[in-house]
Structure formats: C-alpha cells, structure tokens
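Here is a short briefing to read alongside the model. Take a look at the fold, then follow the points below.

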Amino acid sequence: MSDTPFGFGLPPEEPDDGDEGKKKDQQSGGGQGPANPFGFGMPGAGGPGGPGADNPFAAMFGSLNPTDLGAAFQQLGQMLSYEGGPVNWDMAKQIARQTVAQGAPDGSKDASVGPAQRGAVEEAVRLADLWLDDATALPSGAGTAVAWSRAEWVEATLPAWQELVDPVAERVGTAMGDVLPEEMQAMAGPLIGMMRSMGGAMFGTQIGQAVGVLAGEVVGSSDIGLPLGPAGKAALLPVNVESFGKDLGVPQEEVRLYLALREAAHQRLFAHVPWLRSHLFGAVDGYARGIKVDTAKLEDVVGQFDPQNPEQLQDALQQGMFQPEDTPEQKVALARLETALALVEGWVDAVVHAAAKPRLSSADALRETLRRRRASGGPAEQTFATLIGLELRPRRLRDASRLWASLTDARGVDGRDALWSHPDMLPNATDLDDPDGFVHREHMDFSELDKMLGEAAGNREPKNPDGDEPGEQKPDLRKDEGGTGGDDAE
C-alpha cells in the first residue's frame, strides 16, 4: 500500500534554506507542489507527472490540462461516490460514446444519418422482407426499419449488454471484498466501498471501450446472434455498411440488401419464437455461473493495491481474471450455449442464402465473407471474452447451416421452421455431428401434444395423488442429452 493514503501527497517540508530551498526544490521537480496536489500527470510538468508519464484516467478524462482540471476532478468524485450495481453503466455509456467519437480503426468517423441513408435502409429492409417470405414460414418481425449512427447503436444496445455482463461483474465485486486481508476488512468499510466503486468504474471503462469499438464494426442490431436492440426494429448502420463493403468489389446496393436480409431474418426469428431470447440469455447466464474468479491473481492485485495507481485494477481486468470451471456441468453449459448460437446463426445463414442466391450475383461471396467474419471475431469480441470469460461466436455455424439446409430439402420450409415451436425439438450438439440422422428421425409435434395433455387434465379428475390414471405413465418430452433443450424449457 502507498504511504500516502488515497494518493494525496503530503505537503512538502519547509527547506532548511528558506526561499532558496523552495526555488531549488521547484527547479529539480521534487515534492508535490500546489500545481499537482493529487499526483496526476500534468502536461508540461517535470518528473513523474511530466511528458510521457502514464495517466490512468486518460480514457475517462482525455488530456488533463488546467482548463478542464475542475471537470476532471468532478468526474473523479462521481466515480468514487458511485453506489450502483457492479458496473458503472453511466460511465460505460460515456466511454463508449467517447470511443465512437474518436473514430474506428479504419479511419472512418461516426456521423448523423441523413434522409437519403434512412430511405435506403428502409427500402432495403422492405425488399428483404419481401424476399424472405419465400424462404421461411415465419412472418415479418420488423415493425419498423431504422438507420442508426454508431452513437445511436450504443444507446440502443446498452440494456442488453447490462443483462449479459452484470452477473459476472457481481462475482468480481464480491470477490474483491473477500480477498482483502482480515485486518483490513475489520477497519476498511469505507475502503471496501471505495474499491467496489473503483471496480464498477473500471469495469464500466472497459465495457464502454469494448462497446465503443464494437460500434465501429457492427452493421446491424443482431450481428453477434443475440437480440441487442429493441424488439421489432430492424436496424442497419449506414457508415459501417459502407465500410464493410468498401473493398469487396460488390455494388453497395447489393451489400446493403444482403445485410438487410440478415437483419430481417434475425427479427423474424426473435419475434415469432417467443422463448428464444430468454433461452439464449439463459444459456449465457448458465455458462457465466460456472466461471470462477482467479482469486490468486485478484489477491495479488488487491494485496499490492495502491490507491494512487488505480490503473492496476484496470490492467487486471484487461489481463482477465476468469477461468471456466472444468466440470461436466460447465462443459454441458458451454455446449448448450455454442449450439444455441450456432442454430440461430445457421438458420439465418441458410434462410438468407435461399432468398439471396437466385437474386444476387454476389450472394456466395457475401455469404463467405460474413461466415469468416463471424468465425474470427473482432477486437471488441476478444475484449468481451477477456472481461466476462465468454466468446460470443457460433463455432459450429457451418455445421448448423448444413443441417438447416438438409432439413429444408427433406421436410420443406414449413417442416424445418416448425422445429422452433419448442426448444426440445431443436437439434443438439450431438445432432450437429450427425445431421443426416437428425434430419430423417421422426419427431413428435410438441405443440399438439401439449395441447392434448392440457385438455385432458382439464376434463377429468385425477384418480391418484399424482394426478394420473392408475398405471398411466407421463410422456417424457425431454431429450436424453444436454443440447439446447432441457433446463431452459419451462
């Protein structure tokens, strides 16, 4: 721990030689004078705070200079006084918007969406929905089509990120308090509160940076296979659509239309499969519950924590403190999550290809480009993997796409899409290994069976305490394996 509590420097001792000593001390850069009372680096200052010195608050405050010093310390006070949940989401939004304002790695800048861009997006989504009518039995799910700037995408998707990240961040906040030395826990109530505030701020900073970077990459509201935006809104980001198609050698209109097909297909699936959103987020939460915090690393960080250097917490988050539990339950949770993401993305891939192939000469090239893009992930997705121990990538997208295409050939569009009527009817991880076996297997119509069971239960009195006829056995509607069914179907 630092000898100077909370990073406030002690007043310099009076030099033995009076004013001359003060002048020498100022010239040599010694001590912490009034110009730098908190030990933060100031532009042009000498010594540790001089040019090139690390500024742990750079991401939050930008370049610290005398004109914005007051605002910087006001922001620091807000950070330390934060008493909300495990992530400071106000700070996350602020950092995300600042990151967006700085521009994407390819040099493109965010800009407000103009009427022409908005009209082009609306027309592309309208035409995409028309084409999809022939490729899927699910009706349109996009009540409106919107064109977002990157900043608008940040605002619209933060609630979904909060739902995904908060459970893991809560584990870290609890672990931070648990690893403090006992003597510190006895006396450090305010310090624990400060550390949790700092942890929330640092988590907010990292999440904000990741969301801001991701805003420079995504082309719609469902790029990662999860419904991040408001229900019923098909969204495209014109500036990112343009960047995506810049070097592909494909007309911009075709790129926009193909991406509109994917966005509209996602909207159909999430709108007309009511259990799917909770199923996906439940799979993420189930996997997150099996993640353990690397307490050894956290103890090392907290044991050497210097409030004057709060970037230590940020560095620890960047390095990752999460380890998946190597247990059968966690392996099942991971398989369920990966299969769920693959089934969503595989269905969209198959349906969009069926709609685009006869109409767009570039359909094959765009399909392969997007497959590779999803398989590799970007820097922002890697950041989320570090922060919450989870890669939101459909590792088995190609397997799932082949299975959905085979189902279309064997059962038709209606028979294929009927599988979304119940989670236990969907393929599981084993089925992706043997798609032909799944395609030709007979499946029960769960919706009709559930209806019949409900009517039977309402029309007769139970004959025994369990509510069954004597000797009657209830049908087992659950699959024998994990897969995407099981615990999520309630």
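A cavity here is a set of points, on a 1 Å grid over the protein atoms alone, where a 1.4 Å probe fits but cannot get out. Grid points are joined across faces, edges and corners, and a volume is the space filled by probe spheres set on the points. The largest cavity has a volume of about 110 Å³. This is a predicted model, in which local features need pLDDT of at least 70, side-chain atom pairs count only at pLDDT 80 or more, and totals for chains, interfaces and linings use all residues. Residues are numbered from 1 along each chain as its sequence is written, and side-chain values use heavy atoms, with hydrogens and water left out.

**Cavities**
- Five cavities of 30 Å³ or more are counted by this rule.
- Lining residues have an atom within 4 Å of a point; for the largest cavity they include Asp223, Arg262, Glu263, Arg373 and Arg374.
- Helix 10 (252-272) and helix 15 (363-376) each give at least two residues to this lining, and helix 10 has the largest share, with four residues. Helices are DSSP runs (H or I, at least four residues), numbered from the N terminus.
- The lining of the largest cavity is made up of four nonpolar, three polar and five charged residues. Ala, Val, Leu, Ile, Met, Phe, Trp, Tyr, Cys and Pro count as nonpolar, Asp, Glu, Lys and Arg as charged, and the others, Gly among them, as polar.

**Buried parts**
- Helix 9 (residues 238-245) is largely enclosed by the rest of the structure, because six of its eight residues are buried (under 20% relative accessible area, 1.4 Å probe, protein chains only).
- Among those buried residues of helix 9 are Val239, Asn240 and Phe244.
- Trp404 sits in helix 17 (residues 397-417) and is buried, with a relative accessible area of 0%.
- Leaving out residues up to four places away in sequence, Trp404 touches Leu343, Trp347, Arg416 and Trp420, among others; contact means heavy atoms within 4.5 Å.
- Leu343 lies 61 residues from Trp404 along the chain, yet their C-alpha atoms are separated by 8.4 Å.

**Helix packing**
- Helix 11 (residues 276-289) packs against helix 14 (residues 328-356) at an angle of about 145°, with the axes 9 Å apart. Axes are lines fitted to C-alpha atoms over the stretch in contact, and angles run from 0 to 180 degrees between N-to-C directions.
- Residues that meet here include Leu280 and Tyr287 in helix 11, and Leu337 and Val344 in helix 14.
- The residues of this contact divide into 11 nonpolar, three polar and no charged.

Definitions and conventions: Buried < 20%, exposed > 50% of the residue type's maximum accessible area, 1.4 Å probe, protein only. 1 Å grid on protein atoms, 1.4 Å probe; cavity = no way out; pocket = protein on both sides within 12 Å on 5 of 7 lines; lining within 4 Å.
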